[in-house]
Amino acid sequence: MEECYEEIVRRLEVREYDGCPVPDDVKLKVLEAGRTAPSSRNSQPWHFILVDDPGLLKGLSELSFTGSYVGNAAFAVVVLVDVGAERADLDGARAAQTMALAAWSLGVASRFYTGLNAERVMDLLGIPADRWRILGVLSFGYPAKRLRGRKTRKSLEEVASRNRFGAPISGR
């Protein structure tokens with residue numbers, strides 16, 4: 001179990017990939033992890049589109065405001081959520097995080113982004129707008145450079161309290 005914790009705290013967002021292909025079995029494991037993510041009332045209000053065609057990755061890149069690096073990814077997963085489902089955004093985000101963690105544990109880095117021209121991406125990928133909405137896109141690939149695994153984060157004392165807001169987390 002300690003290994004799972006270590007993977008979580010070491011995981012980094014990556015936007016530079018080395019261009020090497022990721023095997024299909026790894027891609028499917030990533031999707032399987034998303035499929036098995038928890039959801040509110042087990043509603044599973046998501047659909048995932050695996051994009052590994054270089055032309056479509058380039059198209060995603062051109063339609064992205066904050067994720068142009070997806071064009072250099074080995075693959076991407078477009079996370080869709082059901083427009084009529086309660087808590088779909090939360091559930092879709094849980095699935096996306098689960099996919100990112102699964103990929104990291106398999107040596108594949110990722111980055112989630114939302115800045116894109118959703119209407120044009122929906123046209124590009126044939127997504128029916130009456131049922132689905134794009135939550136975001138995960139780009140995946142092997143990192144282009146060696147990762148150090150250091151994060152700049154606020155201390156636990158700055159972001160957590162015990163029992164009441166503002167009470168020190170470290171004391172009882």
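In this predicted model, the buried residues of helix 4 are Ala88, Asp91, Gly92, Ala95, Ala96, Met99, Ala100, Ala102, Ala103 and Trp104. These buried residues pack against helix 1 (2–10), helix 2 (24–35), strand 1, strand 2, strand 3 and strand 4. Helix 4 itself is made of 18 residues, and the distance from its first C-alpha to its last is 26 Å, close to the 26 Å expected at 1.5 Å a residue. Glycine 107 follows helix 4 and has a positive phi, near 85°.

The protein has 6 helices and 4 strands, and reading along the sequence gives the pattern α-α-β-α-β-α-β-α-β-α. Its C-alpha atoms fill a box of roughly 55 × 40 × 30 Å along the principal axes. Of the 172 residues, 40% count as buried. Among contacts with a separation of 6 or more, 78% are between residues 24 or more positions apart.

The UniProt record, an unreviewed entry, places the feature "domain: Nitroreductase" at residues 10–65 and 82–142. In the model, residues 10–65 are 39% helix and 11% strand, with end C-alpha atoms 27 Å apart. Residues 82–142 are 43% helix and 26% strand, and here the end C-alpha atoms are 30 Å apart.

In soluble globular proteins, nonpolar side chains tend to be buried together. The largest nonpolar core in this model has 25 residues, of which Val51, Leu60, Val78, Leu125, Ile127 and Ile134 touch the most other members. At least two residues of this core come from each of strand 1 (46–51), helix 3 (54–62), strand 2 (75–82), strand 3 (109–113), helix 5 (118–125) and strand 4 (132–141). Another core, lying apart from this one, has 22 residues, including Val22, Val26, Trp46 and Ala100. Ala100 is also one of the buried residues of helix 4.

Valine 78 gives a close-up of the largest core. Leaving aside residues up to four places away in sequence, valine 78 touches His47, Phe48, Ile49, Val51, Leu60, Leu125, Ile134, Gly136 and Val137. Several of these partners, including Val51, Leu60, Leu125 and Ile134, are themselves among the core residues that touch the most other members.

At the start of helix 3, the backbone nitrogen of glycine 55 has a side-chain oxygen of aspartate 53 within 2.9 Å.

The loop between helix 3 and strand 2 contains serine 64. Is this serine buried or exposed? Serine 64 is buried, because its relative accessible area is 11%, and the cut-off for that class is under 20%. Its side chain is joined to that of tyrosine 113 by a polar contact of 2.9 Å. Beyond residues up to four places away in sequence, serine 64 touches Val70, Tyr113, Gly115 and Leu116.

Finally, the backbone deserves a look at two places. Most residues other than glycine have a negative phi, and most peptide bonds are trans. Glutamine 44, which is not a glycine, has a positive phi near 45°. This glutamine sits in the loop between helix 2 and strand 1, and its relative accessibility of 35% is why it counts as partly exposed. Asparagine 163 is not a glycine either, yet its phi is positive, at about 70°. It is found in the segment after helix 6 (156–159). With a relative accessible area of 79%, asparagine 163 is exposed.

Technical notes:
Residues numbered from 1 in each chain as written. Predicted model: local features only at pLDDT ≥ 70, side-chain atom pairs only at ≥ 80, totals over all residues. Heavy atoms only, no water. UniProt positions renumbered as here; feature names shortened; annotations may be inferred. Core = buried A, V, L, I, M, F, W, Y, C linked by side-chain atoms within 4.5 Å. Buried < 20%, exposed > 50% of the residue type's maximum accessible area, 1.4 Å probe, protein only. Contact = heavy atoms within 4.5 Å. Polar contact = N/O pair within 3.5 Å; in protein donor to acceptor, adjacent residues only side chain to side chain. Expected span 1.5 Å × (residues − 1).
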